[in-house]
Amino acid sequence: MTIGTSVKRIEDPRLITGKGRYVGDIKLTDQCEAVIVRSPHAHANILRIDTEKAKQLPDVLMVMTGQDLPEDLSPIPMRLAPNEALTKALQFPLAKDKVRYVGEPVVLIVAKSRYKAEDAADLINVIYEPLTPITDVHTAIKSDTIVLHPEIGSNDLFLIHSKKGSVDEELKKCRYILEEDLYVQRHSGIPLETRGLLAVVEENKRLTVYGPTKVVHFNHQILATLLKKDSQDIRCIETDVGGGFGPRGEFYPEDYLIPYAALQLGRPVKWIEDRLEHMVATNHSREQKHHVVVGFDESGRIHALRDEIFVDTGAYIRTHGVTVPVLTQGMFPGPYDFHALEFITHVVATNKTPTGTYRGPGRFEGTFVRERIIDMVAKKLNLDPTVVRERNLIKPEQMPYSNGISALGQVVEYDSGDYPQILDIARSAMDWNHFAKRKALAAAEGKIIGLGFAMFVEKSGLGPWEFCEVEILENGELSCKTGLADVGQGVKTALAQICSDQLGIPYSNVTVIHGDTDVVEKGNGSFATRGTVVGGSAAWYASEALKKKLLQVAGDLMHLPDEDLDIKNQFIIQISSQQKLCPLDLIITECRKQGVELREKYTFSIDHMSYPYGIHAAEVAIDSETGKVKIEKYYIAYDIGRAINPLLVHGQLVGGMAQGLGGALFEELRYDESGQLITGSFMDYLIPSSMEVPEIEIEILENSPSPLNPLGVKGAGEGGTVAVAPAIANAIINALDKYQINITSLPIRPEVIRDAIIKGPVTNEEEQK
Amino acid sequence: MKVQGEIVVEASQEEVWNALNDPEVLKKATPGCKVLTETEPDSYKADIVIGIAAVRGEYEAEIKIYDKLGPNKYCLAMKADSNMGFLEGNAVVELDYSHPKTTISYEGEAQVGGKIAGVGQRILSGIAKMIVKDFFKKIAKETKARTAM
C-alpha cells in the first residue's frame, strides 16, 4: 500500500542534482532569439512605428508590428468561462493601433542572438499619442470616461449577478446592520523561472514548441486555431517548470508570436522573458473592491449578506475569461449557512496589465472579506469571534449543501464536511480558551499579542474529464501517460502511488509521462486543484482495468475465479486464503505469450467539484514601536478527504501559506496615476523569504472523504493560501482591541498598525460609538 | 513625484535671470548634456546621457520655457525619451533678490514611464531631486563665473 504514505517524490533526484531541463536549457543548432518591444505608456494611440534602422542592423532576421499580423488572425480566445460578450475585449498578439497597458507587446524582433535583438529593439522608434489613463475602477465606469473597448460600449465590461433569497427582506428583520468597504490589492504568482518558449520547424514541416506548461493540450489547440494549421502538424512539449501558480502556462501573446516567427523564418526561435518584462507582461491577479452589507441578530447569526464587487480586470480579457470573479461569488459564502445572499460583480477594464488566476483565485479575495466581516460582527456584539463562526456554520447533517450560487457552470454544492469539528480542533490546538489569560500576562510584560482565526472552503477537482493510459513495458516498468501537467506539485509521485496501489508494484517502477501532445493523446492539464482528483481517478480506473486483465489471465491459468485474486507486492495472491500464488512477472510473460495487450486507457469524467475545507489560525506579536507583525505561531487544519501522500500535501500547504503571507503583508503591484507600474522589480515588489515565513503547524485531516470519486480525495493545492490574510488581520485586530484600528485592505502595512498604537488606546466612550 | 528646493547665488537677480536664459549656461548646467540646440526662442533640443543606475541611458530631450515674467519667474517643461522609457517634468522657477544674494526657488512635478518607472521606484525621487539640485547648483556656479568675468 503506498496510498496514504509519505513516500519521497520521484521528481526530486533529477531536479536537485541539476538534471532538470527547462526551456532555457534547450539549445538547437541555428537557433535565433526574440525580443519584444513593449509599450511604455498605459494608454496611447500608436501614430507611427519606425522599424527601418532596426531592420538594417546586421543579423536582424525579422521585425514585426501589429500591422504585419495576418489580416484574418483572431485575438487570443478564452480558455475558461468563455463568454460571447467579452470577445470584443480580447487581446491580439501585438498592439494594432492603440496600447492599453504598460508592457503591451508592440514590436517583435528576431535576430541571430539576444544581444543583436536587444540592439535592434533600441533602434525601434514608436511615436505615441498619449491618452488619459484609467487606473481606478470607479473612474473607469463613470459616464464621461473614455471607453477602452468601444464595441462593448462601457468599461464595466460584464456584470455577474447572483442571489439566493431576498436580502432586502431579511435585512428589514435584522436588528443589526454592518456596511463596510474592503480592498484586496493587485498581486500575482511569481515563479522563479520566468516564461520561455522555443519553436522549431522540423524537416517534415511540422512545428514543435517547447515550453508550454500547465495546459499543454489546450494551448496546442489554441495555437493550431490561431495559426490556421492542422493540430496534427504541431507538437507541444512541456519542459520542466520553475513554478506555475496559475499565471504561468496560460496562452499569452508570445505563445503565438514565437511559433509564428519560427514558421516564417524556418529556423528555431527562442524567447525567454526577463524579470522586468515578467512583472508587466504575465497575468496579474486579485485586485477587487468589495462593498458589503450584512444583517445579523444579537446572537451573531448572519441572516443576509450583499456584496457589490468591482474587479479590476486590466486592459484585456485573457484566457481565464471571468473565472476569478465567478469564483469569488460562488465561493464567497464559505462554510456558513446564510439565509439570503446577493452578489453584484462588475468586471471593469482599466489601463493595467490584464489579469488571470493565481493560487486560490477568487477565494483569497472572498475569504479575506468574509472572515474579516465575521470578526467585525463579533466585535460589534462583543462576542467571541469563534462563537460567531460556530453559530453560522453549515451543520454536517446539512451535507451535501448547496449555497445557491453558481461557479464555473455548476451550482456550488459542498459534497461533505464537518465544519464545527474542524473549528473545535483548531481552537484547542491554539489553546483559545486560555488565550485571554495569556494575552493579559503578555500585556503585563509590555507585550502585545493577538490570536485570529479564519475558516474557508476550497473547491477542487474541476472536470470535465481527465485522461490516463497505462501500459506494462517490455522492461517490466509501468508507463502512465496522463493529461495532467507537472507544475511542481508532485503529480508524478501521486499518480505513481495510485497506479502502484492498484497493481501491487513499487511506485518507483512507474514512469509518469505528460505534456507531449505527440505522446499523450489528450488532456486538460493542471489547474484548479484538479490533478489528483480527476487525473488521479483516471489513473486509478485505468490501472484497475489493466489489473482485471492480468487477473483474468492468472485465473484462467490457475483455474481460479479471478474475483478471488489480487496483486500484492508483485505477487498474485488468493484473497480467500491470503496465499501467494505466483510472481506477477510470470503472468505478464503469459499475457505476452497469449498476445494480451497490457495497455488500458481511461477517461474519467466528473460534473461536480469536491470541496475541501479548513481553518487557519495565527498568533502574532506586535512591535509597538515599529508596527511590525511577528507570527509567533501559525496553524492550518485542512480536511482533504484522503491524502494520497501527506508529504506532498504538507509541502503544498507550506508553500501556499508563504504565498498567502505575501498577499497579506508584502506583495503589491501598485500603479501610479499615470498607469505606470511602480513596483516593477524585487526592490519594490516584496516577496516573503525564509526569514518571513514562520514554522507552520499543519494538521491534515481525512474525516470527510469525497463521495464523488473512487479515491475519496479532495485537492490540496490552494488551501494553504486562501485564509492567511484574514487569519493574520484578525490576530492583529485581536492584539490591538484596545486601539482604534480596522483592517479593511491589503497588504497590511506596519505604518497602519504603528499609527493606531501612537494614537493610543480608545476611551470607553469612543468604544461605545 | 514632487521636486522642490532652493539655492542661493551671490549675484544680482538680473544676472541670474540672464544665466537662466542663456543656452550656453543651460547646456553646462544640465547634467550629462552633450548637445543643446535652440530650435526656436525658448525651445531647446538636447541629447543627454545619464549615468545613474536606474535611469542610465541616452535621452533625447525637449525643453521649453514659457510664461516668462522676467526677471522674476518662468515655467519650464521638459520631455525626455530613451529606450528605457520616458521622463516628463515641469517646474516653476522663481527668483527673489535680497541684497547681495538671489534665491532661486523651484517647485515642480516629474513623471517617469516605461522600464525606469518599474525599476527602483524608491530611489527615483532621490535621483530626480539630485539631478534637479545639481542643475541649479551649476546654474549658480555658472552665474558666479560669468559675474566674475
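In the predicted model, A:Tyr635 is positioned opposite A:Glu697, a residue of strand β28(A). Strand β27 of chain A, which spans residues 629–639, runs parallel to β28(A), and 6 bridges join the two. Both strands belong to an open sheet of 4 strands in chain A, ordered β18-β26-β27-β28. Pairing within this sheet is mixed. In general, the strands of a sheet pair through backbone hydrogen bonds, in either a parallel or an antiparallel manner. The edges of the sheet in chain A are formed by β18 (448–457) and β28 (696–701), each of which pairs on one side only. From one strand to the next, the twist averages 10°. Helix α18 of chain A, covering residues 724–735, packs on the sheet and touches β18, β26 (613–622) and β27 of chain A. The direction of α18 makes about 150° with that of β18(A).

A pair of packed helices was also examined in chain A. Two packed helices are described by the angle between their axes and the distance between the axes. Helix α11 (residues 385–392) and helix α12 (residues 419–429) of chain A pack at an angle of about 165°, and their axes are 10 Å apart. Because angles over 145 degrees count as roughly antiparallel, α11(A) is roughly antiparallel to α12(A). The crossing of α11(A) and α12(A) is left-handed. On the side of α11(A), the contact is made by A:Thr386, A:Arg389 and A:Glu390, and on the side of α12(A) by A:Pro420, A:Leu423 and A:Arg427. Sorted by class, the residues in the contact of α11(A) with α12(A) comprise 2 nonpolar, 1 polar and 3 charged.

On the scale of domains, the assignment for chain A gives domain 1 (14–131 + 194–241 + 248–281), domain 2 (288–460 + 609–760) and domain 3 (462–605). The C-alpha centres of domain 1 and domain 2 of chain A are 36 Å apart. Contact between these domains of chain A involves 22 residues of domain 1 and 25 residues of domain 2. The side of domain 1 of chain A that touches domain 2 of chain A has 15 nonpolar, 4 polar and 3 charged residues.

Between the chains, 14 residues of chain B are in contact with 16 residues of chain A. On the side of chain B that touches chain A, the elements giving two or more residues are β6 (85–98), β7 (101–113), α3 (115–118) and α4 (121–148) of chain B. The residues of this side of chain B divide into 4 nonpolar, 8 polar and 2 charged.

Definitions and conventions:
Residues are numbered from 1 along each chain as its sequence is written. Chains are lettered from A and ligands numbered from 1 in the order in which they are written. This is a predicted model: local features need pLDDT of at least 70, side-chain atom pairs count only at pLDDT 80 or more; totals for chains, interfaces and linings use all residues. Two strands pair if DSSP finds at least two bridges between them. Axes are lines fitted to C-alpha atoms, for helices over the stretch in contact, and angles run from 0 to 180 degrees between N-to-C directions. Two residues are in contact if their C-beta atoms, placed from the backbone, lie within 7 Å. Angles under 35 degrees count as roughly parallel, over 145 as roughly antiparallel, 65 to 115 as roughly perpendicular and the rest as oblique. A crossing is left-handed if the near helix is turned anticlockwise from the far one by less than a right angle, and right-handed if clockwise. Ala, Val, Leu, Ile, Met, Phe, Trp, Tyr, Cys and Pro count as nonpolar, Asp, Glu, Lys and Arg as charged, and the others, Gly among them, as polar. Domain bounds come from an automatic or database domain assignment.
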